[in-house]
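Please open the model in a viewer and keep the selection panel at hand. The stops below each name what to select and then state what is found there.

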Amino acid sequence: MTKPKKRINEFLYFALKNKRLRVGLSVVLFFLILALVGPLLTDYKWDDYVGPAYHPPSYEYWFGTTTFGQDVFTQFILGLKASFLVGIIGGGIGTLIGVLVGFTAGYHGGMIDEFLNMLTNIVIVIPTLAILLIISVYLKVRGVLIESIFIGFTAWPWAARAIRAQTFSLRSRDFVDLARISGIRPLKIMFTEIAPNMMSYLLMTFILQFGGAILIAATLDFIGLGPTNAISLGLMMNLAVLWGALPLGMWWWFIPPGAAIAAIVGALYLTNVGLDEVFNPKLRKL
Amino acid sequence: MKQYFTRKLFIYILTFFIAVTIDWLIPRFMPGNPVQVLLARASLHAEAAKEMYSYYTKAFGLDLPLWKQYLNFWIAIFHGDLGTSILLFPQPVIKIIMRAVPYDIFLLLPSILLSWFAGNKFGAFAARTKWLDNTILPVGYILTATPYMWLAILLGWVLAMVFPIFPLAYASSPAMIHSFSWIFIADYLWHWFLPFASLFMVMFGGWAIGMRNMIIYELEADYSHYLEALGAPRKLVRRYAFRNAILPQVTGLALQLGIIMAGALVTEVVFSYPGIGYLILGAIQNQDFFLIQGCFLFIIIEVLIANFLIDVLYIIIDPRIRIGMGGKSA
Amino acid sequence: MFKKIILLVLLIVFLFSGMVFAQVYERSETFYTSGTQWGPPSSWNPYNTGGYAMGTFGLCYESLFLYDPLTNEYIPWLANSGEWISPKVYELKIRKGVRWNDGTMFTAKDVKFTFDIAKTAAIGLSPIWNFLGSVDKVDDYTVQLKFDDPLYQELGWYIYNNPIIPEHIWASKSTEEVTSGIGENPVGTGAYMFEASDQSKMVWKKNPNWWANSALGLDPKPKYIIDLVNSSNNVALGQVIMGQYDLNNNFLPGIASIVEGGYGISTYFPDPPYMIAGNTAWLLLNLTKKPMDDVAFRQAVAHAIDVDQIVNIVYGKIVSKADPSGLLPIWDQYIDKALVQQLGFSYNPEKAKAILAGAGYKDVDSDGFVEAPDGSKIALSVVVPFGWSDWMESIKVVSRGCQAVGINLAPEYPDYPQYLDSKLNATFDMMICNDQQMSSTPWTYYDWMFQNPIADIATMQNGNYGRYDNEEAFALADELDKVKVGDIEGMKAVISKLEKIELTDLPLIPLWYNGMWSQTSNAVWTNWPSSAEDSNHYLAATWRGYWNMTGILMLCDLEPAK
């Protein structure tokens with residue numbers, strides 16, 4: 001077993017060398033910084049009437065204005081922030097639950113596995129829209145936080161399945177059997193033998209959940225089940241469509257939010273592939 | 001084999017039961033009164049509304065105790081009676097859904113299956129050479145990362161407004177009524193293309209990337225190296241790799257069927273394509289209990305059947321499972 | 001082998017399908033509409049008032065009279081005339097030579113039946129039996145309505161707003177079928193008959209034997225009327241721009257720029273407000289809650305809202321500011337200008353602040369918002385249904401205006417059923433509502449505003465959701481009902497008193513007039529109504545209840561574009 005510090009160094013070396021990882025990560029970081037720093041670049045609130053209506057991008061209004069003269073750039077920046085929030089919280093929760101469920105199922109097998117499997121299936125089969133509908137009705141005001149939690153609690157099956165499969169394959173490896181024979185308690189085995197090998201997998205699962213959460217949020221926002229007190233990229237698209245942005249020529253209101261989502265999530269997936277190559281030397285050939 | 005199937009079947013039935021119960025519970029947890037909504041839309045004169053209120057409440061069985069409503073629900077399902085819609089009063093829900101289902105099938109099946117086939121093929125290509133990998137993959141990433149509705153609306157704008165090649169909405173021309181004729185089929189396909197394309201493109205990306213990753217894994221597995229060392233032609237190795245790689249893709253297909261509803265719903269709304277997704281949105285916005293229930297019931301059944309079929313497919317494709325069922329597993 | 005079989009099957013399918021004739025509707029003889037139908041056509045029962053397929057009442061079923069709101073005239077339709085032959089007896093002379101579209105003659109029997117059935121089945125006409133004693137058929141073409149208590153204005157509303165149904169078809173229907181049947185294969189006297197329907201459209205076909213062809217010289221040119229199910233704003237806007245609708249009645253953003261943009265799209269007025277005012281958008285206040293029950297507070301709110309912003313920015317000038325009395329422009333003659341001048345509100349934030357201060361509202365805790373005179377905090381919300389984009393934006397303006405004078409009002413967007421629920425059960429603080437459309441008499445407005453008894457409001461669903469309790473107002477509304485139709489001075493006298501109550505007490509605040517949204521394309525059909533001297537002045541609307549407010553006359557005046 002290589003010493004942990006050397007392993008980390010080795011990992012970092014290959015990580016920085018990997019082109020895909022570099023490109024993906026830089027795109028994500030760019031948007032992240034934009035989301036964090038952006039609000040300082042604008043004095044407006046997203047729904048204030050600040051300028052002439054229907055104005056194309058100009059020096060004063062970088063992304064133009066909406067039907068009512070609201071600043072699209074402001075909406076974009078604040079929307080980015082909301083999307084990142086959803087990604088991190090929603091993705092985080094989804095990963096957490098998925099790992100717990102998948103890992104337990106994969107490690108113990110048998111009845112527990114069957115039961116958890118059925119649970120996973122049910123959550124997949126239940127149309128999440130229906131549940132969100134009820135929730136949305138009871139909560140007078142919906143925020144980004146609620147949305148993230150909801151997404152996390154409904155998107156975990158993907159992660160659970162993947163983690164379970166991975167756990168299965170790891171469980172039957174020699175070094176685990178060795179640890180078992182030597183009498184170490186199962187919980188300790190989980191944390192000391194299996195978990196470190198799964199670290200890479202966990203990271204990649206989180207990245208996928210992150211991207212997935214952003215996409216799901218965009219869809220929910222678009223059909224009107226999103227936050228009621230904030231702006232998000234999906235909500236921007238919703239408003240743009242409601243107010244006929246494209247037929248009226250206001251492409252600057254509709255195109256940037258969707259393009260940003262595609263860019264961020266795409267970059268996340270790219271990063272994922274890069275990470276995969278870094279963690280699995282076998283893949284580095286291509 | 002028999003044991004495997006009976007166990008699977010049992011689990012499916014159990015899942016169905018639970019899912020349907022939740023489906024029934026859902027609208028009932030929503031505050032507000034669907035009869036009220038119905039009457040409001042009717043904008044009847046005062047006195048008439050008062051009378052109709054009790055009439056409708058009885059008609060919809062909303063004055064019975066909950067457990068009785070639940071029982072009636074199951075009985076009704078087996079009779080094929082899913083209640084009367086409120087949004088599209090007084091049409092029966094089953095009729096409304098039945099009219100929408102063909103549109104959904106024609107839209108979803110081709111887009112899911114074709115994108116799956118094409119995506120896997122392209123993904124396998126990409127794993128061949130570095131050049132292909134660097135061109136196909138970015139396209140795949142971006143496509144799969146694109147929100148469905150954004151792509152749908154863009155396609156609509158570019159290909160139906162800026163360059164009026166395709167129609168902007170609906171499943172068939174306003175100037176035609178259904179008939180099983182050349183002209184109608186051609187017109188239908190012409191309307192079908194944009195919704196199909198927007199779904200296809202996004203899903204295609206996902207499969208392509210997935211397949212590419214799986215193939216690369218397989219190509220680096222021991223057995224691949226072993227075959228190469230033996231001098232087997234590259235094509236043979238790739239074929240074996242493909243067969244192994246396809247397995248998780250089949251599982252993925254099953255999962256995809258579940259979530260495609262959300263994407264299809266948005267696409268249908270954008271193109272006013274009268275499938276179930278379009279109905280659901282209207283039902284949700286108008287708190288149409290029975291229509292919501294009915295639509296979701298259909299989706300649940302659809303997903304379960306599809307999953308079951310894929311399980312069967314899995315057995316056919318993967319000999320290890322067949323063998324594993326014959327003897328004891330390790 | 002397998003492949004060959006599939007190919008063969010496909011070939012046979014194609015050959016066979018080619019032989020089936022496809023019905024394609026010629027563009028030049030088809031009239032495309034949209035803006036009424038929000039889901040697939042599901043009912044052709046004219047008593048399904050909010051849900052019958054576009055045109056069921058108006059194109060297929062008809063009424064005794066048409067009403068022209070712009071000229072305040074009744075046009076004899078299925079009835080030749082209607083007269084009060086004595087203070088309590090109204091005699092209708094029925095038109096001769098009218099046939100139902102299945103060939104049967106239309107006679108007084110059908111009219112009597114239509115009134116009688118409202119006694120047994122709860123339909124829109126049923127309340128007339130509260131003051132109607134009996135309906136007698138004098139002869140085949142004369143019907144007498146004998147009233148216990150003649151309510152003239154209300155009758156004046158029923159005679160153009162009710163479909164006449166064929167006795168020979170509906171007599172055998174059960175009560176349930178009458179009120180909630182689907183009503184397939186509708187048999188009416190109207191200009192159009194049912195042709196086909198599917199998930200996205202409703203097709204009406206011209207009735208070759210329409211009575212008005214010979215009797216009134218009216219002949220609608222379109223052979224087919226096809227109404228398309230509403231789609232998203234985006235799509236509707238795109239289709240209007242591309243000229244795929246001849247008449248569209250959706251609210252479409254940016255219409256002002258489309259009209260100017262040279263797409264051949266026109267509206268009734270060539271300039272703002274472009275649209276005829278169809279109804280008033282009121283700000284309802286819940287008078288059962290504090291501080292809405294304080295008239296000073298209400299006055300302050302009225303002075304705090306910058307309606308011009310709503311008109312100009314939110315709607316892009318396709319609506320206009322409401323008169324403080326709330327009455328529509330078509331009722332301009334009834335508005336007591338002197339009274340409005342004296343008591344009416346306007347946008348005046350300084351005055352709003354002064355009113356609040358004078359009534360004891362002070363900002364005790366310096367949070368920028370006033371507290372009630374008794375010290376309690378004020379935190380209110382104004383609601384509109386989620387998804388009604390123009391209203392959603394409008395209440396932002398309302399809340400900003402209120403906040404600027406110190407009233408803590410926040411906009412909220414519950415789903416429609418919740419909005420409806422809070423409206424009916426008086427759980428809202430404030431909301432926007434525009435229930436009442438233009439009609440033959442302001443009485444419909446005041447009946448709605450002063451609906452009573454308060455206890456029944458939730459189930460009657462016909463107004464006064466703010467629970468305004470004023471016996472004088474209730475009595476005046478009833479008194480107005482008893483003024484004869486056509487007695488302008490008599491109506492003005494009563495209405496003036498009603499206006500005074502409304503302006504002083506402000507139980508609800510009129511904000512703007514929502515338009516009768518109507519965009520027309522000149523690509524295939526021309527001679528649309530407009531405000532110009534040489535055009536007709538009918539209503540170009542397919543909305544339920546508008547065909548018989550001269551929509552049908554608009555249709556008959558259309559000419560094919562050259």
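Is Asn464(C) buried or exposed? Asn464(C) is buried, since 25 other C-beta atoms lie within 10 Å; a residue is termed buried if 20 or more other C-beta atoms lie within 10 Å of its own, exposed if 12 or fewer, and partly exposed in between, with C-beta atoms placed from the backbone.

This is a predicted model, in which local features need pLDDT of at least 70 and side-chain atom pairs count only at pLDDT 80 or more, whereas totals for chains, interfaces and linings use all residues. Residues are numbered from 1 along each chain as its sequence is written, and chains are lettered from A and ligands numbered from 1 in the order in which they are written.

**Stop 1**

Remain at Asn464(C), which is found in the loop between α17 and α18 of chain C; helices (H or I, at least four residues) and strands (E, at least two) are DSSP runs, numbered from the N terminus. Although Asn464(C) is not a glycine, its phi is positive, about 55°. Most residues other than glycine have a negative phi, and most peptide bonds are trans.

Next, select Pro272(C) to Tyr274(C). The peptide bond from Pro272(C) to Pro273(C) is cis, with omega near 5°. Pro273(C) belongs to the loop between β12 and β13 (277–285) of chain C, and Tyr274(C) lies in the loop between β12 and β13 as well. Tyr274(C), a residue other than glycine, has a positive phi near 65°, and it is buried, with 24 other C-beta atoms within 10 Å.

A cis peptide bond also joins Asn452(C) and Pro453(C), with omega about 0°. Pro453(C) is in the loop between α16 and α17 (457–460) of chain C.

**Stop 2: helix α18 of chain C**

Select residues 471–481 of chain C, helix α18, where Ala473(C), Leu476(C), Ala477(C), Leu480(C) and Asp481(C) are buried. They cover an arc of only 150° around the axis, which puts them on the same side of α18(C); the arc is that of the directions from the helix axis to the C-beta atoms. The face turned away from this buried side carries the exposed residues Glu471(C) and Glu472(C).

The cover over the buried residues of α18(C) includes α4 (152–161), α16 (443–449) and α19 (488–505) of chain C. Leaving aside neighbours within four places in sequence, Leu480(C) is in contact with residues including Trp443(C), Tyr446(C), Met491(C) and Leu498(C); contact requires that the C-beta atoms, placed from the backbone, lie within 7 Å.

**Stop 3: the nonpolar core**

Leu480(C) is also among the residues with the most contacts inside the largest nonpolar core, which has 350 residues; others include Ile214(A), Cys295(B) and Met431(C). Such a core is a set of buried Ala, Val, Leu, Ile, Met, Phe, Trp, Tyr and Cys residues joined through C-beta atoms within 7 Å.

Helix α3 (residues 72–108) of chain A gives the most to this core, with 17 residues. Select α3(A): 30 of its 37 residues are buried, so it is largely enclosed by the rest of the structure. Just after α3(A), Gly109(A) takes a positive phi of about 65°.

**Stop 4: sheets of chain C**

An open sheet of seven strands with mixed pairing runs in the order β8-β9-β10-β1-β11-β19-β12 (chain C); two strands pair if DSSP finds at least two bridges between them. Its edge strands are β8 (192–198) and β12 (265–266) of chain C, each pairing on one side only. Within chain C, β1 (residues 30–34) and β10 (residues 224–228) pair in the parallel sense over five bridges, and Thr33(C) stands opposite Asp227(C).

Then select β2 (residues 65–68) and β3 (residues 73–76) of chain C, which run antiparallel and are joined by four bridges. Tyr67(C) stands opposite Tyr74(C).

**Stop 5: between chains**

Finally, display chains B and C together: 54 residues of chain B are in contact with 55 residues of chain C. On the side of chain B that touches chain C, α3(B) gives the most, with eight residues.

Definitions and conventions
Two residues are in contact if their C-beta atoms, placed from the backbone, lie within 7 Å.
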